Amino acid sequence: MQASCAAGSPGNEWIFFSADERNTRSRKTMSNGALLRCVVLSTFILLRAVTGFSGDGRAIWAKNPHLSPVNASQLFLYDTFPKNFFWGVGTGAFQVEGSWKTDGKGPSIWDHFIQTHLRNVNSMGGSSDSYLFLEKDLSALDFIGVSFYQFSISWPRLFPDGIVTVVNAKGLQYYNVLLDALALRNIEPVVTLYHWDLPLALQEKYGGWKNATMVDIFNDYATYCFQTFGDRVKYWITIHNPYLVAWHGYGTGMHAPGEKGNLAAVYTVGHNLIKAHSKVWHTYNRDFRPHQKGWLSITLGSHWIEPNRSENMMDVIKCQQSMVSVLGWFANPIHGDGDYPEVMKKKLLSILPPFSEAEKEEVRGTADFFAFSFGPNNFKPLNTMAKMGQNVSLNLRQVLNWIKLEYDDPRILIAENGWFTDSYVKTEDTTAIYMMKNFLNQVLQAIKFDEIGVFGYSAWSLLDGFEWQEAYTTRRGLFYVDFNSEQKERKPKSSAHYYKQIIKENGFTLKESTPDLQGHFPCDFAWGVTESVLKPEFMASSPQFTDPHLYVWNATGNRLLHRVEGIRLKTRPAQCTDFVSIKKQVEMLARIKVTHYRFALDWASVLPTGNLSVVNRQVLRYYRCVVSEGLKLGISPMVTLYYPTHSHLGLPMPLLSSGGWLNASTMEAFLDYAELCFQELGDLVKLWVTINEPNRLSDIYNRTSNDTYQAAHNLLIAHARVWHLYDRQYRLTQRGAVSLSLHSDWAEPANPYVDSHWKAAERFLQFEIAWFADPLFKTGDYPLAMKEHLASRNLRGLSTSVLPRFSPEESRLVKGTADFYALNHFTTRFVMHEQLSGSRYDADRDVQFLQDITRLSSPSRLAVMPWGARKMLGWIRRNYGDLDVYITANGIDDQALENDRLRKYYLEKYVQETLKAYLIDKVKIRGYYAFKLTEEKSKPRFGFFTSDFKAKSSVQFYNQLISSGGFPSESSKPTCSQTLRSTECTICSLLLQKKPLIFFGCCFVSTVVLLISITMFRRRKRRKFWKAKNLQNIPLKKGHSRVLS
C-alpha cells in the first residue's frame, strides 16, 4: 500500500478554524442535490463490479450534500442517550502504570524503543505511576461517575518473557486488586489483552508479530487471563488498534519495535494479528463463554476522509479506497466476509498474505460487537495516512454511518475517543471540552437520527501519560498529573468536570434557553429594517419631465440627441420619484412591510469640504425624498448621521486629512453637520442616531491604545454636544429622540469551569460596551473595572495605556445624553483569559476568542446563538435601568440567493428571544430592526434583497412575523389593526409594483368603454332614423295629415 504524502498534522487549530460543513451545504439547491444523489448512486451500481468494493459503505458520500443548514438532523442535538448507556473511560497499561522494572515486570518492546529511538525522553519509570497509586485512579473514576473502566493488562507484567509458565505474583496481585475494587464500585471492567507492550523476549526470539508462532503464544496468554479474571470480566478486547501496530510498528518505524520500509512485513504482521484475534475468540467462545457469559471483540481504529469534490466520482472512489485500506483491512475479514477487501487484494497481490477457505471461515464473525477507536493516533502524522489526495475530517458521525452500511449495522462500542492538548496545559483544557462536545453530539445524532447501535463510549484517557511517539509532549488525560512530582496527584481538568456533567445528565440538556414563548409585541412596536450608508443620487435619474428643451435624435447620423434652440416646453415640478434608486427602495420597503426604516446619511456627500461653506442641497433633497416617500407608505425613518466602518471612515476628506477624530475640530464640524440635518430633515424624522458603533472604531485608530481611547473620547463629546443641541433647539418642535448605537455582542466564558474565563467575559463587556454606555447612561465617566484593569497592566509593565479624563464639565455634558439604548447585536462570543502585552486596545482587554465548532454558524463564521440576545438585553437592564431599547441591527449572512433558510431560522429564533426579554424579563424593547435591506456585491450576503433587488424568501417570512406582531397563539385574536394595515400595505405594494400595467389597463378599459359608448350612440341614432323613414310609407286615414318630426 502506498501512502500519499502531505505536510502538516491536524492539531488544536482545528478547534478555532475548522470549517463547518453544514454551512457549505446551504450554498446549493435541493433540486441539484437530488440530481447529484441519483447520479452518484447509479454510478456506484455500475462501478460495483469494476472496483470490487464490498458492502455499502461507499453510499455515505452519495447522501444529499445540500441539506438545509437548519435541518434538525444537522443542528446540535439537545437530547439524552438511551437508558443504561455505557459511559466509560480508558487507559493503556504502558502509558500510565509506570514501574517498568518493579516487582518482577519484564521489559517490553516499548521500553527498548524508548532507549533506542526516543533518547530525549528522560525517564521511563515515571509516568502517572498507576501501579503505585491505584487508589488515586479509583478516586478519579469515582469523581467522574463512569459505568465502565477500560484498561489493558501488561503482558510482560504478568509473564516477563511472554511465555505462559509461572506468573509474576506481584503483577497478578495488582490486577486482582484492581478488578475487585471495580466490582465494589459497580464499575464494569473492559479489559484489553494487548495494547502494544509486547514482551521484548518474544520480539527478540521470534521477531514479534511477523512470526506466525505468535498466534498460539497469544492464545495461551489470553486463555490464562480468561481463566484468572473471567469471573469478573464480561467485556474483553483482544488487541487495541492493530492497524497502528502493523503500520507504525513495521512500516513507518514510528512505533515499537521501530522497523520500517518492508511492506510485506507490514501485511504479514496484520495477517498474524487477525489470526491471533480469531483464535482467541474461538477459545473464549468454546471454553469460557458458556459459563462466564461475556463478550469479546477487537478495537479497530480509523480516520475519516471527505472527497475534494462530492460530485466527482473518482474522488468518492478514492475516499472509499482510503477507508477500506485502513479500517477495512481488519474489519472486512472479522466483521465482513472473512477475507480482505477486493481492492486490497488486487493492489497488493504480491505482498498481501492470502486466507485459505478454512481460514476465512475461521476468521469471519469473530467479534461480538464492533469496538471502534477514533482519536489523534489515527490522524498523526498526516503524511503517513492513506489520504489519496482527499480531505481528512473529524466527522465521527459519518464514520459510524460508514460502519453501519459496510458491516450490516453492528452494535458499536466507541472504545477510544478524545483529542490532545499541549504538554504545558494543566487543568484548563478548554479546547478538549469542545472536541469532546463535538464528538459526543455526533454520537448522539448517529443514535437518534441514523439509528446506529452505539451502546457505549470510552473517553480517552483517564490520566495524562506516555503518548507513544509523542512521549510526554502532549497530554490526553481527563486528570492532570505532574510527572515530576512524587505523589503524582490526579487533578481533574475542565474536561473531567464536563464529562462528569454529561454522564450525570446522560446527554445534553438545553440550559441556555427556555422553551419558545407565545405572545406578541405592543401595537406601536417598531418593526424595521436597516440599511447602511445610503449613497445619494446627485441628480434625478428621470429628467425627461423636468427638462423644458426639445431634442432631435440622430439629426447628423451620430445617434445623439441635439437640442432644438428657441423652443421651450411646458414641464412639471420635480418629484421624488425622479430618483430611480428611491423608487427601488420604496418598492422593497413596501414589499417587506416594515413600519420603520433605518438608514445612514453620507456626511462627505452632504458637506464635501467638511464645513458649511459648501452644502450639497441636491443630496439633502435626495435624503428628504427618501424620508417623505417612506412616510407616504406609513414607514417612519430612523436616521443615522455618521456610519463609519473598518474599511471606510466616512469623514469628509479635509477632516480625514487633518487627523479625523483625533483632532478636536472634527467635533465642531460634526455639530455643524448635525444641526444642518436637524434643520433640513427634523420635521420628518423622530428617531436619530448620531454615530453608529463608535466602540468599533478601534479597528481604525489602532496605532496605539491611547489613539483609540482619545478618538473614542472625542466621539463621546461630539455625540453629547449634538444631543444637547437637539434638546435645546429642536426637541420642543420636532418631538424626536436622539441616541447612538453600540455594537453589543454578548460574551460567554469559553470554559465555564474556570473562574478567569467568567471574569474575561465580563471584562470584554466592560471594554466593548460599558466603555461608552457608562458615561452616557450611568456615571458620566468610564467604567471603574476598565480603569482598574488598565492600571493593573501598567503596574505589571504590560502596557502604557491611559484613558482620557473627563473634566467635571465634560462629565456633566456627557451623562444622560441618550434618549434610548440602541444596540447592534449579531452573535455571542466565547471568551477566555489570555494575558497579552503591548499598548493596544485589543491587548488591553486580555481576552482571546474561541470558535465553538458545534454551533451553527454563517459563512462569515457568525455563530447563531439566539439566547445571547436575551442575555445581552438583560445585562443592559441590570446595568442601566428601565431604558427604552431599540435593537437597531440584527442579522446574519446567508449564501443563498433565493431560499435563505439560515436567515429565516435566525430571524425566528432571535425575535423569539427578544420577545422573552420583553414579556418575561420586562425589558422595554421598543423596536427591532433586521439587518439589512440589500446585500452588497463582493461582501457577505446580509440582505433581504440581492444587489439587483431580487427578493429572497426571508422577505415573506419577515412579512408574516410583522403581521403577527410576534408569535401569537392560534386561539388569540389580533389586538391591533394588523389585518387592516397588512391589507393596505398589500394594496400599496401592488400599486407601486404594477403602476405601468395598471395605467395601461386603465387606458385600455377607458378606450374600450368609449368605443362601446360611441357604437351604442350611433346604433340608437340609426334606429330612430329608420323608424322615422318607415313611418312615411304607412297610408293615412282620410282627414289626417302627416306630421314629420
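Start by selecting Arg1023, which sits in helix α35, residues 995-1032. (Helices are DSSP runs of H or I with at least four residues, strands are runs of E with at least two, and both are numbered from the N terminus.) Keep in mind that this is a predicted model, where local features need pLDDT of at least 70, side-chain atom pairs count only at pLDDT 80 or more, and totals for chains, interfaces and linings use all residues. Residues are numbered from 1 along each chain as its sequence is written, and side-chain values use heavy atoms, with hydrogens and water left out.

Is Arg1023 buried or exposed? Arg1023 is exposed, at 57% relative accessible area; buried means under 20%, exposed over 50%, and partly exposed in between, using a 1.4 Å probe and protein chains only.

Patch residues have over 30% relative accessible area and no salt bridge, with like charges joined within 9 Å and nonpolar side chains (Val, Leu, Ile, Met, Phe, Trp, Tyr) within 5 Å. Areas come from the Shrake-Rupley method with a 1.4 Å probe, and for residues only the protein chains shown count as cover. A salt bridge puts a side-chain nitrogen of Lys or Arg within 4 Å of a carboxyl oxygen of Asp or Glu.

Phe1004 belongs to a nonpolar surface patch of about 800 Å², whose members include Leu997, Phe1000 and Met1016.

Jump to Glu908 in helix α32, residues 901-919. Glu908 is partly exposed, at 29% relative accessibility. What does Glu908 touch, leaving out residues up to four places away in sequence? Phe957 and Phe967, where contact means heavy atoms within 4.5 Å. Glu908 and Phe967 are 59 residues apart along the chain, yet their C-alpha atoms are separated by 9.3 Å.

Select Phe931 and Lys932: a cis peptide bond joins them, with omega about 0 degrees. Lys932 is in the loop between β28 (925-931) and α33 (953-964). That loop also holds Phe949, a non-glycine with a positive phi of about 70 degrees.

Last stop: Ala256 and Pro257, joined by a cis peptide bond with omega about 10 degrees.
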